[in-house]
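Please open the model in your viewer and keep the selection tool at hand. The tour goes from one selection to the next and says what is there.

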Amino acid sequence: MRTIARFVRSSLLVAPLLSWSSATDDATCIDAGGGGCPSDDSSLLSLPIRRQQQLAATELVGVAADPAPTVQCPGSASLCAGSQCCPGTSVTQQRTFPCPNAKADYDLGAGNQTDLVAALLSAMTREEKHQFLRGTGWVGWENEPSYYIGDAGLHERFGIPSLNMQDNGQGFRTVTEGIISEVTSWPSTLAAASSWSEAGTERWAIALGKEFKIKGANVILGPGLNVHRVALGGRNGEYVSGESPYFGARMAKPYVKGVQSQNVLAVAKHFALNNQETNRDSVNSVVDPRTLWEVYYPPFEAAVEAGAGSFMCGYNYVNGKHACGSSDILLKDLKQDMGFEGWVQSDWWALHSFAAMDGVDQEMPGDATPAAKLWFTDENLDTLSDAKVDNMVGRMLRPMLEYGLFEPGNHVCTPPDCSHELYEANATSPEHQELSKEMAIKAMLLLKNEDNVLPFTDQVKKIALLGAACDAKQDVESQLLLWDNSSYYNIGGSGRVIAWDPVTI
């Protein structure tokens, strides 16, 4: 048992005696007598920090532990910053808990985060919670300027950041011409997977996370994990699994871990059996349990094991029920049997009922269209118990805290005040351009070298290149006219990242 005394008050005065005690690497804020700290300003005390130099810095009484901005402690009028504790409340049984914007790599321990989430949920109003349960930033089919493809939890108290969600799993979606030169147009996800490299997939995912963060997004709407079943499936290019559940599981983990290492949450999609775009709202995938678990679920299980923050349910039916309304796959298979602790969001306008009790935690994008009804209205949400709403919102807050989204250095803009990040910030780099080129090269796999024709010798004087794809035109203007237009160099739809000046043969 080790005991280390650390004292810093927000008022820059010496605080009452408080100890940090731990027999392991986990730690909690407790008073010297073993009870919770008093619920007043005097309990805003410094938490221990893992790095030795930061520990040394907190030895200096009267010096703030870090330069983090102050935020309100949930459950009291007190303010805190970074490495300070908040006063205990009734929901934490008077145990103090970390300031909401404390760094994720402090020795906080699981109990501290549980208390912090409980305190946040207790202090948030029902209206504030509803803002997380449905998206905003859309009017009918139109995405409003300076909003991301998905937005939720805007303008919350207690230092809670908004969820800024952007397509897509294979790069930052180029919704305007100006963005094209600011982000990297990567090879498709399926091409990236064709390298057969877990390390390479993680390198790419880290680069993706960095670009999304620079562009103000803290949630990436990917990876796509569905195992290919229909050869002409319109989104096969977005799915990392190819035709192999084993391969998909191996690739899913490094992708999720790489993205989330950059304080950007990953969304595994489209759960489940979203195998074709043709008649995607009405196609019914009828699959027995054994086939589900042995063929179609393994990549998603791997995403759960890797700690994916969110799952997205698809448009299709699964065994006669809409995927975004099937308690069989969302509650039983995903949340219960796989142990998924994050939140389930709908694909955009994929709900056909008020499916909160069936496992959907968040409706996207949060507005109705002539063809789609809004289901997560205040009227419908008000029928849910406080415990159910807290479970839904808590599934969002926990990964946001775990992966550092609350930390001031990782805070993103709040729409609609995101014009600079979304439309002006440059996220690409020469290193990313080179990585994209490397990935494209490694995606080419030689299956057969008959008569050892490769590599070419100096006896070969001329090589004929045939077909329109050798020097295809990249018509950026025509692609921007319609969201699902594509080219030889990039797919269309939500997975589109337009290449500005592609290198041709």
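Which residue in β13 is the bridge partner of Val219? Select Leu265, for that is the residue in β13 which partners Val219. This is a predicted model, in which local features need pLDDT of at least 70 and side-chain atom pairs count only at pLDDT 80 or more, while totals for chains, interfaces and linings use all residues. Residues are numbered from 1 along each chain as its sequence is written, and side-chain values use heavy atoms, with hydrogens and water left out.

Now extend the selection to strand β12 (residues 219–220) and strand β13 (residues 265–271), which run parallel and are joined by 2 bridges. Strands here (E, at least two residues) and helices (H or I, at least four) are DSSP runs numbered from the N terminus, and two strands pair if DSSP finds at least two bridges between them.

Next, show the whole sheet, an open one of 6 strands in the order β10-β11-β12-β13-β15-β18, with mixed pairing. Its edge strands, each pairing on one side only, are β10 (150–152) and β18 (343–346).

Move to β11 (163–166), which is joined to β12 by 2 bridges in a parallel run, with Met165 standing opposite Val219 in β12. On β10, pairing with β11 is antiparallel over 3 bridges, and the bridge partner of Asp151 in β11 is Asn164. If you display the side chains of β11, Leu163 and Met165 point one way and Asn164 and Gln166 the other way, and all are buried (under 20% relative accessible area, with exposed meaning over 50% and partly exposed in between, for a 1.4 Å probe and protein chains only).

Helix α7 (residues 245–260) lies across β12 and β13, running at about 145° to β13, whereas helix α12 (residues 386–402) lies across β11, β13 and β18, at about 115° to β18. These angles run from 0 to 180 degrees between N-to-C directions, with axes fitted to C-alpha atoms, for helices over the stretch in contact, where contact means heavy atoms within 4.5 Å.

Finally, select Leu454, in the loop between α14 (430–442) and α15 (476–481). Is Leu454 buried or partly exposed? Leu454 is partly exposed, with a relative accessible area of 36%.
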